[in-house]
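Student: I am new to this assembly. Please take one part and look at it closely, then show me what surrounds it.

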4 protein chains.
Amino acid sequence: MSEQKHQLKTKNPAGRLEAFSDGVLAIIVTIMVLELKAPHGTDWAAIKPLVPVLISYVMSFLFVGVYWGNHHHLLHTVKRLSAGIMLANLHLLFWLSLVPFATAWMGENHFAPLTVAVYAGLLCVCGLAYTILQKAIEACHRDDLRLKTVMERHSRKGIFSVIAYLSAIPLAYVEPYISVGIFFLVAIVWLVPERSFLMEED
Amino acid sequence: MSEQKHQLKTKNPAGRLEAFSDGVLAIIVTIMVLELKAPHGTDWAAIKPLVPVLISYVMSFLFVGVYWGNHHHLLHTVKRLSAGIMLANLHLLFWLSLVPFATAWMGENHFAPLTVAVYAGLLCVCGLAYTILQKAIEACHRDDLRLKTVMERHSRKGIFSVIAYLSAIPLAYVEPYISVGIFFLVAIVWLVPERSFLMEED
Amino acid sequence: MSEQKHQLKTKNPAGRLEAFSDGVLAIIVTIMVLELKAPHGTDWAAIKPLVPVLISYVMSFLFVGVYWGNHHHLLHTVKRLSAGIMLANLHLLFWLSLVPFATAWMGENHFAPLTVAVYAGLLCVCGLAYTILQKAIEACHRDDLRLKTVMERHSRKGIFSVIAYLSAIPLAYVEPYISVGIFFLVAIVWLVPERSFLMEED
Amino acid sequence: MSEQKHQLKTKNPAGRLEAFSDGVLAIIVTIMVLELKAPHGTDWAAIKPLVPVLISYVMSFLFVGVYWGNHHHLLHTVKRLSAGIMLANLHLLFWLSLVPFATAWMGENHFAPLTVAVYAGLLCVCGLAYTILQKAIEACHRDDLRLKTVMERHSRKGIFSVIAYLSAIPLAYVEPYISVGIFFLVAIVWLVPERSFLMEED
């Protein structure tokens, strides 16, 4: 009985943290689509000005989607919930909640340099906030080997992402679409290898 | 104990995937209602221009509702979660997230041919994305018979839907309301037989 | 083992139906607050035109809150999920999703007779949709006594509510605020006795 | 078996209450970001008018985040659900749902005295609603010691918060930024010690 109780208790200690985060992430993803305002014209020309808005939406959808996936894997490793984890999670959600704003600013202004640089900066800060959440979880689970492996794999990709995003800031002033290419590249790096890694594991 | 652990683990492997998808689908359904902007007039004439917006809302509500139902049944068959399933699910949610935009464009422009054709095209792509999600789940569950039965039943309806939606694209240029009729017909086909099938099973 | 499996299975058969409904109801409640647009003035006079909007918001918040509570109790009695229940639930959510529109129309137009009558009509239809959901659940659980007791209690209040809402339609043309009073009265009838009933039971 | 049944039943009696509250809180937090409207300019000057809006967003994000955290701990202590708890919870959510409005009003008007005073007043009322929820839970769990300890700790902080918010109302007419400082101070008081307390406990 006591072992079962333990199991039921530890099965999903982060359940409500996940539920709240899922809610916020789902809303972040979906309110971005509100920027795609229906035009009053009814030919292809009416849709044309929406193309940059749509591109920025696709990019941010991928970005938030990747975060949701990683967040999903990361919280699965949580066996004990600390206030530090809750704070770090709230901190991450705060920066992610600014993504719709940065996306809209960039999309509406057709990828003007400053808007792309601010977007790149925000993605950097989100990456940093994610790392802080990782560290908060590690601080609570020092003796967990599975967690360590996940963390190391994430850390390598994380360092790559931060370098990529940082380089996208000055490059936005050279040619914004190089930075946009970098954003898509990072998203793909996170999306694709994750596939092979998970296929092996499960 | 180990069997119970297994059971608890397999009981709902897709739990958070469902929660996130539910969140996104619930928001998609509900933000569409924001297009029904309250008119300033206070007689029936003030509401009249809202009728096409309302019709397109009903149609998309049914469409997303049917997807939610099918998604519900489909994910119930999931016993193992792969990165492929997560990606395919994200892909499906992306296309569904464009439904409010296509709905608003069509409703505000009183079912102009191009808007109806784009709407039909989007429904097609959603159907395709749903099929990809099915295939990703099948690839993970080759030995599951119950899944196979569900899949086959879905496949027949799926092929019918895609043909219907594809035919609605050119028909939108002949008479948009024929296409609208097709959209409702497909929704009803999905809604009604599902009922008898479930009644038997449970 | 098999009994436990049964229990785990029947513990929450409506889990995802509840989650989706919770999502939709939470969004319905919260998007209504978007109608409370922040005025640009910074004195009390600037807030004054918002008073009818606020009153209509309070009323609809209570109304949806009562529905959430009843829906909560009703779905707790569900032991088997049928397609009929899922359809009836979707049908109820559809009508409830129109509440923000009706609320905004009524609030912005300072309770003009037609807007109040339409609001009353919508509440009627929501009540009807709720009754249909009850019947769909009853059709699946003919042998459940606890359900029967809940249903009967609900039915009496339900009939009272429908009569009250129906009488509010013509009364809106006499004096809209009588109808508004009726809306509040019905909400209070649902909120208050529920309290004593639950206190006894648990 | 019966003990296990009991355990499964009492494990999360407030499950759906939490889910609904999470949904509403997640939406409240996220719709506030919609006030950060993307400017059409593409230089830093275009972003400058958004700074007070951003500050008020950060403040309200922290405020709602703290409420989510406390609500999380509080509902974990719930073993029996009464109608009183459900009503008190709905009442709390109502006042919290007005936070986006008060935030927008204050942010758009650059912390004009009345807007800051109204914001302070709203935070007071939210605190009061939270206390009512606490009392409703206590009334249902008179014999629970763990609950008592949590309650006492909360009560001390709660009294401090209410005094701080009340003093922020007149101070808004002296210098609004003193009140803003008080809002941040209270948020930090709730965020920080919570950390140490939880770290010890788990």
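Tutor: Start with α5(C), a helix that is mostly covered: 13 of its 15 residues are buried. Buried means that 20 or more other C-beta atoms, placed from the backbone, lie within 10 Å of the residue's own; exposed means 12 or fewer, and partly exposed is in between. Helices here are DSSP runs of H or I with at least four residues, strands are runs of E with at least two, and both are numbered from the N terminus.

The model is predicted: local features need pLDDT of at least 70, side-chain atom pairs count only at pLDDT 80 or more, and totals for chains, interfaces and linings use all residues. Residues are numbered from 1 along each chain as its sequence is written, while chains are lettered from A and ligands numbered from 1 in the order in which they are written.

Back to the helix. α5(C) spans residues 83-97. From first C-alpha to last it reaches 21 Å, close to the 21 Å expected. That expected span is 1.5 Å times one less than the number of residues.

From α5(B), the contact includes B:Ile85, B:His91 and B:Trp95. From α7(B), it includes B:Leu122, B:Tyr130 and B:Ile137. Contact means that two C-beta atoms, placed from the backbone, lie within 7 Å. By class, the residues of this contact are 16 nonpolar, 3 polar and no charged. Nonpolar covers Ala, Val, Leu, Ile, Met, Phe, Trp, Tyr, Cys and Pro; charged covers Asp, Glu, Lys and Arg; the others, Gly among them, are polar.

Now return to chain C and its neighbours. Where chain C meets chain B, 30 residues of chain C are in contact with 30 of chain B. On the chain C side, α1, α2, α5, α6 (99-108) and α7 (113-140) each give two or more residues. The largest share, 8 residues, comes from α2(C). This side has 20 nonpolar, 6 polar and 4 charged residues.

One residue shows the meeting from chain B. B:Asp22 is found in helix α2 (residues 15-31) of chain B. It touches C:Arg16, C:Ala19, C:Phe20 and C:Gly23, not counting residues up to four places away in sequence. B:Asp22 is buried, because 27 other C-beta atoms lie within 10 Å. Its C-alpha is 18 Å from that of B:Ile137, 115 residues away along the chain.

Chain C also meets chain D. That contact takes 31 residues from chain C and 31 from chain D. On this side of chain C, α1 (2-11), α2 (15-31), α4 (51-76) and α9 (176-201) each supply at least two residues. Again α2(C) gives the largest share, here 9 residues. The classes are 15 nonpolar, 8 polar and 8 charged.

How are chains C and D related? Chain C can be laid on chain D with an RMSD of 0.0 Å by a turn of 90° and a shift of 0.0 Å along the axis. In chain C, the C-alpha nearest the axis belongs to C:Gly23, 4.3 Å from it. The copies use different surfaces: 10% of the contact residues of chain C recur in chain D.

With 19 C-beta neighbours inside 10 Å, B:Phe111 counts as partly exposed. In chain D the loop between α6 and α7 holds D:His110. D:His110 is not a glycine either, yet has a positive phi of about 50°. It is partly exposed, with 15 other C-beta atoms within 10 Å.

Note on methods: Least-squares fit on C-alpha atoms with pLDDT ≥ 70 in both.
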